[in-house]
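Hello,

Here is the structure I promised to pass on to you. Please open it next to this email and follow along as you read.

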2 protein chains.
Amino acid sequence: MSQTHLFRALPLSALAISLATLAQAADLPVRASAGEVVKQSKPSDWRPLDPNNTLYMELPTGRVVIELAPDFAPQNIANIKTLVKERYFDGLSMLRSQDNYVAQWGDPDAEGASPKPQGSAKAKVVGEFTVPMKNDKHFVRQLDIDGYAPQIGHSNGFPVGRDPKAGTTWLTHCYGMVGVGRNNETDSGNGAELYAVNGHAPRHLDRNITVVGRVVWGMPLLATLPRGGETMGFYGAGETRMQIKSVRLEADVPEAERSHLEVMRSEAPIYQAVIDASRNRGGPWNKFTPKYVELCNAQIPVREHPKD
Amino acid sequence: MSQTHLFRALPLSALAISLATLAQAADLPVRASAGEVVKQSKPSDWRPLDPNNTLYMELPTGRVVIELAPDFAPQNIANIKTLVKERYFDGLSMLRSQDNYVAQWGDPDAEGASPKPQGSAKAKVVGEFTVPMKNDKHFVRQLDIDGYAPQIGHSNGFPVGRDPKAGTTWLTHCYGMVGVGRNNETDSGNGAELYAVNGHAPRHLDRNITVVGRVVWGMPLLATLPRGGETMGFYGAGETRMQIKSVRLEADVPEAERSHLEVMRSEAPIYQAVIDASRNRGGPWNKFTPKYVELCNAQIPVREHPKD
């Protein structure tokens with residue numbers, strides 16, 4: 001989750017003291033920060049990832065964990081799981097890293113002479129740019145205004161846009177969201193080439209492309225990839241593409257090798273308190289509070305299971 | 001500037017053909033993309049950087065160019081220039097890289113036993129979190145709604161928020177914007193510790209901290225810094241901090257070693273056309289157009305002078 005402070009390198013102990021001092025001096029409680037609200041959560045405010053909808057992408061630099069959202073892209077996710085089960089991604093590589101936009105991975109020879117065979121996966125999958133509104137289970141609306149969607153909110157731990165008139169809902173392109181690369185035709189993506197947002201949310205992509213989930217762990221590994229030298233950040237012939245060691249469904253990884261992550265339940269009251277703390281920032285550092293939080297700044301907390 | 005497409009690795013020639021084919025087939029002109037609008041610009045639509053308000057930060061990995069905005073933070077920028085003239089930053093280092101937030105640099109021993117002397121610079125400078133509205137020269141309002149500011153727009157190539165009731169204006173924390181780290185007191189920053197936004201715009205910082213300018217070149221060098229392992233992305237004792245070779249005012253760098261960058265004039269009609277192209281996206285790839293562009297997605301083009 002985001003941090004609210006831009007300190008110089010003060011030790012945390014000094015901070016705690018200054019918070020306490022201020023509360024005492026002003027004879028007022030100091031409003032809890034988002035981080036402090038998270039600390040007040042109960043175990044039931046969190047849910048584990050579903051092993052059947054969680055991907056581990058193993059890079060030479062570490063593990064990237066992607067939570068899939070099958071309610072929002074059932075057909076594309078089914079095809080991705082087929083590709084993963086048949087080990088399509090193993091040995092493929094990062095194709096693109098465009099600053100303040102996306103990192104993208106897949107087969108460098110996808111359009112070349114000898115693309116890697118895609119086994120029993122479908123070559124084309126219908127674009128699931130929006131889905132019927134009933135699909136956004138546990139939707140909780142966020143009332144802050146938004147320019148890209150008539151309504152916004154969260155569903156099962158994902159940021160969501162909604163158009164009640166059209167009866168549609170969709171995942172929004174916030175930082176770390178994962179989508180299905182495509183050509184001009186809406187069914188030209190099949191999940192064999194995926195991207196993750198590595199900068200300011202490119203929300204104009206919402207409703208234009210299939211979003212399948214979110215990087216819930218290891219996003220720095222994708223964000224710090226060297227930017228590619230070609231147009232749109234693609235790596236050129238002379239550049240090294242980071243190789244993907246493997247992509248596995250969590251369910252297919254032995255228990256001892258799993259990451260055991262938990263996501264805060266976005267429908268739990270405490271998550272609304274987290275958003276509210278982001279909207280109304282207190283504490284001695286903040287001099288102005290915006291009373292607003294933009295959808296992609298309301299980040300859903302993720303943690304390692306406390307027992308681990 | 002941002003790219004609009006998320007292709008699979010199609011050669012550009014194929015793209016050009018499909019654009020032409022579509023225009024022909026539909027017997028309609030294809031709406032120009034933001035990139036195509038930029039290509040239609042005249043030399044007079046661009047301005048060079050002011051050598052007296054441009055910093056070159058030389059890193060082992062290359063040059064970061066920062067355009068300063070003295071109308072928005074005159075006192076802090078004067079102090080930064082003193083620090084730069086007296087070579088304060090040379091040999092200091094990156095202190096912090098927090099994913100989806102900021103990279104920050106300065107003296108690792110600033111709060112320690114032997115901080116680097118700051119010469120004739122002031123130890124404290126008043127916080128310039130907002131300035132009088134008359135300071136946002138050449139302001140052009142952007143009419144898209146915004147949750148963080150009553151009005152938004154651009155002034156002299158910088159993204160700006162405005163509160164007409166309060167009569168104030170301020171630079172907004174979009175990707176690449178540079179600010180002055182501070183402690184809890186509003187005058188505790190002096191420009192000796194600076195940060196750049198490396199992720200989704202943390203606009204809640206607007207009006208809470210002094211923003212001095214924007215990284216107009218080399219942002220990938222800051223964005224790809226390894227994330228720090230300590231709280232808030234600070235580098236810990238065992239981690240390598242990237243050293244800053246030097247920071248110089250462009251005016252103090254020999255002509256032959258300068259970068260010769262140009263920024264599109266944000267008050268020029270063509271810039272409004274660029275924003276409009278981002279708002280109303282055409283072409284064969286886009287299936288839905290948001291008719292909206294968020295302030296931090298309306299990025300002001302920067303280029304190397306065409307003669308170079």
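**What I found**

Met232(A) is buried, with a relative accessible area of 9%; buried means under 20%, exposed means over 50%, and partly exposed lies in between, using a 1.4 Å probe and protein chains only. Met232(A) sits in the loop between α4 (219–223) and β14 (246–249) of chain A, where helices (H or I, at least four residues) and strands (E, at least two) are DSSP runs numbered from the N terminus. Although Met232(A) is not a glycine, its phi is positive, at about 60°.

A word on how to read this: the model is predicted, so local features need pLDDT of at least 70 and side-chain atom pairs count only at pLDDT 80 or more, while totals for chains, interfaces and linings use all residues. Residues are numbered from 1 along each chain as its sequence is written, chains are lettered from A and ligands numbered from 1 in the order in which they are written, and side-chain values use heavy atoms, with hydrogens and water left out.

Chain B has a positive phi to look at as well. His260(B), which is not a glycine, has a phi of about 55°. His260(B) lies in the loop between β14 (246–249) and β15 (261–264) of chain B and is partly exposed, with a relative accessible area of 28%.

How can chain A be laid on chain B? A turn of 180° with a shift of 0.0 Å along the axis does it, with an RMSD of 0.0 Å; the superposition is by least squares on the C-alpha atoms of residues with pLDDT of at least 70 in both copies. The two copies are therefore related as by a two-fold rotation axis. The same surface serves both copies, and 99% of the contact residues of chain A recur in chain B, where contact means heavy atoms within 4.5 Å.

Leaving aside neighbours within four places in sequence, Asn208(A) is in contact with residues including Phe129(A), Trp285(B) and Lys287(B). A polar atom of the Asn208(A) side chain lies 2.6 Å from the backbone nitrogen of Lys287(B).

**Rings and charges**

How many aromatic pairs are there over all chains? A search of the whole structure finds four; rings of Phe, Tyr and Trp (its six-membered ring) pair if their centres lie within 6.5 Å, and planes under 30 degrees apart count as stacked, over 60 as edge-to-face and the rest as tilted. One of them joins Tyr148(A) and Tyr292(B), with centres 4.7 Å apart and planes at 90°, so this pair is edge-to-face. The pair crosses between chains. Tyr148(A) is buried at 7% relative accessibility, and Tyr292(B) is buried at 8%. Tyr88(B) and Phe89(B) also form an edge-to-face pair, 5.3 Å centre to centre with 75° between the planes. Both Tyr88(B) and Phe89(B) are buried.

Finally, look for charges over rings, which means NZ of Lys or CZ of Arg within 6 Å of the ring centre and within 35 degrees of the ring normal. The charged end of Arg182(B) sits over the ring of Trp285(A), 3.8 Å from its centre. Arg162(B) lies over the face of Phe139(B), at 3.8 Å from the ring centre.

Happy exploring!

Note on methods. Polar contact = N/O pair within 3.5 Å; in protein donor to acceptor, adjacent residues only side chain to side chain.
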